Each structure stands twice: as C-alpha cells, then as structure tokens.
Amino acid sequence: MASAHLNALGRHLALAGFMGSGKSRLGGEVAARLCRPFLDLDREVEARTGSRIPDLFSERGESAFREVEEEVALDVLQGGEPAVVALGGGAVLSERTRASLASQAFTVLIDVEPDLAWQRVSGGDRPLAQAEDEFHALHRERQPVYEAVADARATEVDGILLAAAGVHVELGALDGLDGLVPGDGPVELVVDERVAGIHGVRAQVALGSRDVASHEVPAGEAAKTGAVLGRLWEAFGIGRDGAVVALGGGSTTDVAGFAAATYMRGVAWTAVPTTLVGQVDAGIGGKTAVDLVSAKNVVGAFHWPARVVCDPALLTTLPETERVNGLAEVVKTGLLAGDRVWERSEPEQVRACAAFKSAICLADPHDRGPRAQLNLGHTFAHALETAAGYGLPHGRAVALGLLAALRLSGLPDEERLVQDVLAPEPVSVDPDAAWAALARDKKAERGTPRLVLLDAPGRPRWGVELPETDVRRALEGLIAGRQ
C-alpha cells in the first residue's frame, strides 16, 4: 500500500527495490544532501544480531531472518528523527512493514533492470542471488509489491531528491496536469495575465472538469501586492477539498501560494512555473510572499506545494530577457553546488537546479539554517529591486548581487565568471534608499545585514557579519555613478 504522503517533509525517506538496485549507495548520497541520518536496514539487522546476513540465512533460515528484519524495520520506521532508510530487497514482503511505511515514510522505488541487477550482485554471497534464473523469477514475483508500496520512482540521486520534494520535471508535463495535481477535488487557476494568452487554455484543458475558475494576476512584481492578494481571497470559491494551481513566473507562484496558505487557513496548491527563474528557484520550497513598498518578500508564509510541475518546454516561449533573468539563478546554484550547471542544456539546468534546491529546502524547510545559502547575492539584489520600485528585473539584480557577494568573498575568478556569463551592468537607484532596504532584509538582525559568502565554489558560508562600511561599499559598487 502506498502512503497518502506527497513528499518526505518531516518523515522518513525510504528506498525500496530489488537487490542490486543501488539502494545503499544512493541512500548514503541522498542522506548527505538532505543532512539526514542514513540507516541501511541490512546493516541494522547485522548489528542487532551480531551475524552477517548470509550466516543468518544458513544458520537460522529465511523465515527467521524475515522475523528479525521486520522487527528492526518497525523499530527504525516508528521512532527517531526523519532519516533516509535503505530497505532490504525483501523487507516490503512484511505486511506490518508495509503498513509502517504507509504511515511513517515517503517511499521511493529504485528502478533497476534485472539484467543489470544480476551483473552487480552475481558471484557474491547473497543467499538469494546464486542462480540467475531464480534471481529473475524472484524479481518478477516481487516487482508488483515494490510498485504497490511506492509513492514515487527514481533511478539516481537527483531523481530521488525531486520525488522526495514533490517536484516533477518533464518535457510536456503541462498537458498531463490533471494527473499531476494531487487529489480529485476542484481547482482554481491563478495565472499571469501574459501567460494566460500563451498557456492558459492548455492548462484549463489539461485540468478538465476539475478547473472551476481562473483568475488573472498582473505580470511580474506587480502581482505581489496586498490588493491582488485580497482580490484573490474574495474571488476564491473552493473549499478545503479544493486546490489552487499557480501558472506563471516566480511572482505568480509567490502571490498564489500565499493566497493558498491563508485562504480558509490553508488550502493545497500546485506550482506550475513557466519561467526559468520559477523552475530553477522561485517555485520550489514553499516560500510565498508579497512585497511592501519598503521591502521585498517580507510578508508571507511557508506553505509547501502539494506538487511543483516544471515543464522545460514552456521555456521556449520566453523572451530572451527572461532567459537571462533565469540564468542568474542558475549561476547562483552552480556556485553554491560547485558545479558549472550553466553550461548544460536548459532542461538539464532545470533538473539539476531544482534537485539542488529541493534538497536544501527539505533539509531546512523553515529557513533556520542551511537554506540561508540560497540567498547568495540576494541581500544586495532585493535592496536594489526595492530602491528601483520593483522595476528592476530580478535576474539582473541577482547578477549584480552575486558580484558584490563574490567581491566580499575575495573570489576574483568567480567574479570574472559572473561578468562573462551574465554581463551585469550598474543600475541607477538612490544609494540611501538601497541601503535602507538592505537593512530591512529578512536575514538582517537588529538592522545589521547577515550575508552569504563563498570560501570557494561549493563551500558557502551564511550568517556572515561584515563591517558596515565594507557592505555599503559593495552595494554602492553596483550603482551607476558610484563605482
């Protein structure tokens, strides 16, 4: 029985699958990305009994082994902080273990072709991998059980992380929206007014009879106001069995997600970002917000989407300026990850960046620790956007903010990289207004900015306090006429 869980937020992430699927290897990598403990059920059984599994099989038989395995699985799944748990190949044969998975875990099936699995395990001492024909027969016998218990399927680390966060990345996914928006209740569509004429009808057709209303919001930051938010509250007609679907860029998902978080004290929502910024960053992780005149994103809520649907095919309709906006977030992610992800194809950029952010946000869903690293360059960017009256494109502001952060980090090579890839140009804003906005940044403490810097690509530091004169100099270095 698969659980009703949509993600691994606050619960165990269990990896199920046949022997040789790579659960132990993948589980260790996933646990490190999620900052979670890793428990390998086979190793836990061996620690509990003091015997190797082949010896348990030979000395006590498979049925006795399964009893111990069930006992250990229940202990692991029913207690402790959320962990990544690699299940033994036969662990899901236990009805009690399956019930515990359904209540306590989000389970990902690690798919593997049986021929590949046999190549990986043949010649070893696994008790049930001694004869190839029996191995293939056992795979056929167990596969329906694996599929029944799985909440999602994956083959590698990024796929597991995306599944665990409820993020679906697929070319053409928009046309399958009805099957991707969880549940079967009514849906109200909140759509960017520009996107409505391009993709709105396709989304409505895909949602079919579930689509009961559509609400257009202004393009860009103009959507993120109290007036637009209030209009959505007044217009919504769904109950708690319904859901909101946000179709548009990061501003649309911000305001629609906040409306969903607060309407009837919270209804489910699905983000369908249509911009590169939205697909690699803004639509993922459950941060929702509107702006104040004096500060960006300071009124909002954490409201994890039931699903994020990223269809890279939608990016083909983007103006080039929007692509450049999104590329700034791609470069930011690459600097944090220590991976030149911006050199990949656009669909690959989306998948890699979405997986990176999914892992960070699952590890720190309420932004109290490592999630702060995602603010690299954004302290300066938000200050410039606010000082510009939100007329400055977010990506252009982020590109400038990255320059400031890299200068303060003492990384001239990475600073030149940002110049070469993003070509940011200074902006004309009031320096005092920008500084005042920076002091109101969400990460500031008692009016003192807390910055994200890099020791090197892939090695971020956050919560960094620097002398005010250094920070102000870095900010003014982004403003036309102040360099």
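Analyst: A helix here is a DSSP run of H or I with at least four residues, numbered from the N terminus. The model is a predicted one.

User: Which residue with a positive phi follows H16?

Analyst: H16 spans residues 378–387. After this helix comes a residue with a positive phi, near 65°, and that residue is Gly389.

User: Which residues are linked with Glu385 in a network of salt bridges?

Analyst: In the network of salt bridges, Glu385 is joined by Glu221, Lys224, Asp254, Asp291 and Lys296.

User: How far apart in sequence are the parts that the pair Arg96 and Glu70 ties together?

Analyst: Arg96 and Glu70 form a salt bridge, with 3.3 Å between the closest N and O atoms. Arg96 belongs to helix H5 (residues 95–104) and Glu70 to helix H4 (residues 62–78), so the pair links parts whose separation in sequence is 26 residues.

User: How many residues apart are Glu29 and Arg25, which both lie in helix H1?

Analyst: These two form a salt bridge, their closest N and O atoms being 3.7 Å apart. Glu29 is partly exposed at 38% relative accessible area, and Arg25 is partly exposed at 47%. Both lie in helix H1 (residues 23–34), and their spacing, about one turn of the helix, is four residues.

User: Which helix gives the most to the negative patch?

Analyst: The negative surface patch consists of Glu113, Asp115, Glu132, Asp133 and Glu134. Glu113 sits in the loop between strand E4 (105–110) and helix H6 (114–121), and is exposed with a relative accessible area of 59%. The most, three residues, comes from helix H7.

User: What is the area of the nonpolar surface patch that includes Val299?

Analyst: Val299 is placed in strand E12 (residues 299–302). With a relative accessibility of 32%, Val299 counts as partly exposed. Together with Leu292 and Val298, Val299 makes a nonpolar surface patch of about 180 Å².

Definitions and conventions: Residues numbered from 1 in each chain as written. Predicted model: local features only at pLDDT ≥ 70, side-chain atom pairs only at ≥ 80, totals over all residues. Heavy atoms only, no water. Patch = residues over 30% accessible without salt bridge, like charges linked within 9 Å, V, L, I, M, F, W, Y side chains within 5 Å. Areas by Shrake-Rupley, 256 points an atom, 1.4 Å probe, with all protein chains shown as cover. Salt bridge = Lys/Arg side-chain N within 4 Å of Asp/Glu carboxyl O. Lys, Arg positive; Asp, Glu negative; His and termini not counted. Charge placed at Lys NZ, Arg CZ, Asp CG, Glu CD. Helix = DSSP H or I, 4+ residues; strand = E, 2+ residues; numbered from the N terminus. Buried < 20%, exposed > 50% of the residue type's maximum accessible area, 1.4 Å probe, protein only.
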